[in-house]
Amino acid sequence: MIRSMTGYGRGEAADGLRTVTAEIRAVNHRYCEISTRLPSKYAFAEETVRAAVRAGAQRGKIDVSVLVVSSAEEDVSVSLNAAAAKQYFQSLRELQRLYDVTGEIELSLLASLPDVLRQGRAEMDEDTLRALILEAVRIALLRLDEMRCAEGEALGADLARRLEAVSALAGSIAGRAPEVQRLYAEKLRERVSQLTEKTADPAMLEQRLAMEIAVFADKASIEEELVRLSSHTTQFLKLIGASGAPRPAADGGTFEPVGKKLDFLVQEMNREANTIGSKANDLRITDLMIDLKTEIENIREQVQNIC
């Protein structure tokens, strides 16, 4: 089973004191680009999160968001800067004196002034928190992988259908090719028959006719291109069917991305189609080539969303 690059996963982990929620969103991207958002006081876990995501989702533009809700009082540390409060208070009194302003200086005003009350992070067990965050991310990666597999299954079915269409069109082209050579030979023979009435050496014209037919058959031959196109189609089907659906790296499993290989095969399929089109000397084959290249282009667009 192939995997789509598009998906969403959400994971949650708790230890009684804190609840960690991780959300992962992934969209198409040529490489693996990861961006993370964690609360500043948990930034120590960022690299661990990035490494886990990189191992579990090898391709795509991936946004990771981590939210930590704590019920532990020891997570918060508030301290009073008495010196700053005293200076603010004295300055406010001086303002009252200078501008003859009366009234009480409220506690709420003093407390709201910068650096009077400082909130900091109390000492935390970083290893425990890192493991809790990683667990939430691991669950989110599993959910992401489930969605990617479901999307990949739909993509695989569509690609298999389009590859069947490519094979059918290639078969029609292959069936038409001998007819093109036969029609060309008939036209040449008509011309030769007209010329034989005016020449004393019809044997020479017949020899020239055979040479012309042979040269045309060689230049217009598309057998090699059709064989390569068939080979690319077979390899493509193997890749989308044999990549398997093992557990993602986040759950201890492995997964080999095939998107780049598929992209290469589509390029080669398109190359063979272009060569066949350039050799075509028949309106029917040209019509079939338009349909063939349309299917290959549709396949190329779908491949851009495969891991």
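A disulfide is a pair of cysteine sulfur atoms within 2.5 Å. The model described here is predicted, so local features need pLDDT of at least 70 and side-chain atom pairs count only at pLDDT 80 or more, while totals for chains, interfaces and linings use all residues. Residues are numbered from 1 along each chain as its sequence is written, and side-chain values use heavy atoms, with hydrogens and water left out.

**Cysteines**

The structure holds zero disulfides. The sulfur of cysteine 149 lies 8.9 Å from the closest cysteine sulfur, that of cysteine 307, which is too far for a bond. Both entries in the table are buried, a term that means under 20% relative accessible area (1.4 Å probe, protein chains only), whereas exposed means over 50% and partly exposed lies in between.

| Residue | Relative accessible area |
|---|---|
| Cysteine 149 | 13% |
| Cysteine 307 | 3% |

**Helix 2**

Helices are DSSP runs of H or I with at least four residues, numbered from the N terminus. Helix 2 covers residues 82-99, which makes 18 residues. From its first C-alpha to its last, helix 2 reaches 26 Å, close to the 26 Å expected at 1.5 Å a residue; the expected span is 1.5 Å times one less than the number of residues.

Ala84, Ala85 and Gln96 are buried in helix 2. Seen down the helix axis, the buried residues of helix 2 fall within an arc of 115°, so they line one face of the helix; the arc is that of the directions from the helix axis to the C-beta atoms. Lys86, Gln87, Arg97 and Leu98, on the other side of helix 2, are exposed. Helix 3 (107-112) is included in what covers the buried residues of helix 2. Just after helix 2, aspartate 100 takes a positive phi of about 55°.

**Nonpolar cores**

A nonpolar core is a set of buried Ala, Val, Leu, Ile, Met, Phe, Trp, Tyr and Cys residues joined through side-chain atoms within 4.5 Å. The largest such core has 30 residues, and those with the most contacts inside it include Ile173, Phe236 and Leu262. Two or more residues each come from helix 4 (126-196), helix 6 (223-242), helix 7 (259-279) and helix 8 (283-303). Helix 4 gives the largest share, eight residues.

Leaving aside neighbours within four places in sequence, isoleucine 173 is in contact (heavy atoms within 4.5 Å) with residues including Ile222, Leu226, Ile276 and Leu292. A second, separate core has 25 residues, among them Ala26, Leu129, Leu132 and Ala136.
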